[in-house]
Amino acid sequence: AIESRDALEKMYQGSDSDADTFDWDENDDDDEFDGIAEGDDDDVDDLENEYLKHLSSQASKALAGGEDFDNDDDDGFGSDDEDSDDNLEEEFSLETPLDNINAYTHLQEKLSEMQASNTAAYNVVVQSLNPENSQFLQSLIEEAGKQRAEQQQA
């Protein structure tokens, strides 16, 4: 290994290697990136500060009850597209398969099934709850009972 290293050194010592004589600054063609680390961070900070001021003014308008938000493109932050969020109409009549499921009664049914079919697992789940979560689960079951009674009356 030492002999092959020495042979390689001798071979490269005699030639004028580009790696030994290359001047990294000589072929600096990417002048557009010069100064990024020095001065452009200030520009980014200025833009961030300007944007934060814009957001602050929008928030103060909203808190003051001014519902006329400035969405003009003159400040560079607004949008004057006709498809802006203000012009969107939401469809509330959209139904999904989940709309037909009452989450409270479904939970109560699944817990009852678990208690009947796998008592040990049910006990582990229920006993692992802290008092706050146990009370919350109990309130969910009570709500399911109320909703089930309302469904039967209707």
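This briefing describes the helices of one protein model and the contacts between them.

The model is predicted, so local features need pLDDT of at least 70 and side-chain atom pairs count only at pLDDT 80 or more, while totals for chains, interfaces and linings use all residues. Residues are numbered from 1 along each chain as its sequence is written, and side-chain values use heavy atoms, with hydrogens and water left out. The protein has six helices and zero strands; helices (H or I, at least four residues) and strands (E, at least two) are DSSP runs, numbered from the N terminus.

**Whole protein**

- Along the sequence, the pattern is α-α-α-α-α-α.
- Of the 154 residues in the protein, 8% are buried (under 20% relative accessible area, with exposed over 50% and partly exposed in between, using a 1.4 Å probe and protein chains only).
- The protein exposes about 13600 Å², of which carbon and sulfur atoms supply 48%; accessible areas come from the Shrake-Rupley method with a 1.4 Å probe.
- Among contacts (heavy atoms within 4.5 Å) between residues at least 6 apart in sequence, 50% join residues at least 24 apart.

**Helix 4 and helix 6**

- Helix 4 spans residues 103-117 and helix 6 spans residues 131-153; their axes are 8 Å apart and the packing angle is about 115 degrees.
- Axes here are lines fitted to C-alpha atoms, for helices over the stretch in contact, and angles run from 0 to 180 degrees between N-to-C directions.
- The two helices are therefore roughly perpendicular to each other (65 to 115 degrees; under 35 is roughly parallel, over 145 roughly antiparallel and the rest oblique).
- Helix 4 passes helix 6 in a left-handed crossing, meaning that the near helix is turned anticlockwise from the far one by less than a right angle; clockwise would be right-handed.
- Residues of helix 4 in this contact include Tyr-104, Leu-107 and Leu-111, and those of helix 6 include Leu-137, Ile-141 and Arg-148.
- The residues of this contact divide into seven nonpolar, four polar and three charged (Ala, Val, Leu, Ile, Met, Phe, Trp, Tyr, Cys and Pro are nonpolar, Asp, Glu, Lys and Arg charged, and the others, Gly among them, polar).
- Glu-142 lies in helix 6 and is partly exposed, at 46% relative accessibility.
- The C-alpha atoms of Glu-142 and Gln-108 are separated by 9.1 Å, with the two residues 34 apart along the chain.

**Helix 4 and helix 5**

- Helix 5 covers residues 119-127, and its axis comes within 5 Å of that of helix 4, crossing at roughly 125 degrees.
- That angle makes helix 4 oblique to helix 5.
- Leu-111, Met-114, Gln-115, Ala-116 and Ser-117 in helix 4 meet Thr-119, Ala-121, Tyr-122 and Val-125 in helix 5.
- This contact has six nonpolar, three polar and no charged residues.
- Val-126 lies in helix 5 and is partly exposed, with a relative accessible area of 26%.
- From C-alpha to C-alpha, Val-126 and Leu-111 are 9.7 Å apart in space, and in sequence they are 15 residues apart.
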